[in-house]
Amino acid sequence: VPLKDIVDAARLQGVRLATDGNWGGTPRSVAFNVHGFRVAVNRGTGELRILQSVQAADAGVVVNPRQCRGQIEGGIAQALGAVLYEEVKVDDAGRVTTDILRQYHIPSFADVPRSEVYFAATNDSTGPLGAKSMSESPFNPVAPALANAIRNATGVRFGELPIARDKIYLALRDRTTAPV
């Protein structure tokens with residue numbers, strides 16, 4: 001149910017939508033990551049090549065640099081799958097048609113570019129030994145960074161994921177055939 005319908009129904013019935021909440025967990029810091037890409041796009045085929053991938057992380061004191069780098073590289077690979085390949089398609093009967101890996105591409109080693117990883121020199125006052133959790137934060141900046149790099153290379157802004165090769169091709173084709 002769309003939120004607008006809920007709000008409209010509540011107004012009609014004179015119900016005020018409000019809530020209170022609290023959280024009783026332990027204090028936690030937030031990690032910050034930024035990502036940048038340099039890309040090339042073949043305007044005739046829609047092929048995208050990632051020429052450079054760089055992520056910087058504020059992970060506090062990095063206790064185990066190899067493990068943290070692995071966490072970041074894994075987050076980048078997972079995010080590239082969401083940005084470039086992974087799309088759940090549903091037919092008119094509501095059945096998922098991309099239910100096997102032949103139709104649902106997840107990135108393989110060859111699909112993931114080598115990424116430069118840098119750590120900010122910070123110290124967290126609440127984390128163990130001054131460290132911050134990386135968890136999902138390496139995933140977060142990848143989609144906007146890659147979408148912006150593709151826009152810079154093509155002039156086309158994509159608002160939905162995945163930004164697959166066929167979508168790039170069609171957007172470029174439609175842009176060049178559209179009247180100015």
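Guide: We will take the sheet, then the helices that contact it, then one surface patch. Keep in mind that this is a predicted model.

Visitor: In what order do the strands of the open sheet lie?

Guide: Strand order is read across the sheet. Here three strands form an open sheet in the order β1-β2-β3, and their pairing is mixed. β1 and β3 (115–119) are the edge strands, each pairing on one side only. On average, neighbouring strands are turned by 15 degrees against each other, direction ignored.

Visitor: In which sense do β1 and β2 pair, and over how many bridges?

Guide: Pairing is read from the bridges. β1 and β2 (residues 48–58) are antiparallel, with 10 bridges between them.

Visitor: Which strands does helix α2 lie across?

Guide: Look at contacts, then at the angle. Helix α2 (residues 65–85) lies across β1, β2 and β3, and runs at about 130 degrees to β3. Helix α3 (residues 142–154) also packs on the sheet, where it touches β1 and β2. The direction of α3 makes about 30 degrees with that of β1.

Visitor: Which residues make the nonpolar surface patch?

Guide: Val1, Leu3, Ile6, Val15 and Leu17 make it, and the patch covers about 530 Å². Val15 sits in the loop between α1 (3–12) and β1 (32–41).

Conventions:
Residues numbered from 1 in each chain as written. Predicted model: local features only at pLDDT ≥ 70, side-chain atom pairs only at ≥ 80, totals over all residues. Heavy atoms only, no water. Patch = residues over 30% accessible without salt bridge, like charges linked within 9 Å, V, L, I, M, F, W, Y side chains within 5 Å. Areas by Shrake-Rupley, 256 points an atom, 1.4 Å probe, with all protein chains shown as cover. Salt bridge = Lys/Arg side-chain N within 4 Å of Asp/Glu carboxyl O. Helix = DSSP H or I, 4+ residues; strand = E, 2+ residues; numbered from the N terminus. Pairing = 2+ DSSP bridges. Axes fitted to C-alpha atoms, helices over the stretch in contact; angles between N-to-C directions. Contact = heavy atoms within 4.5 Å.
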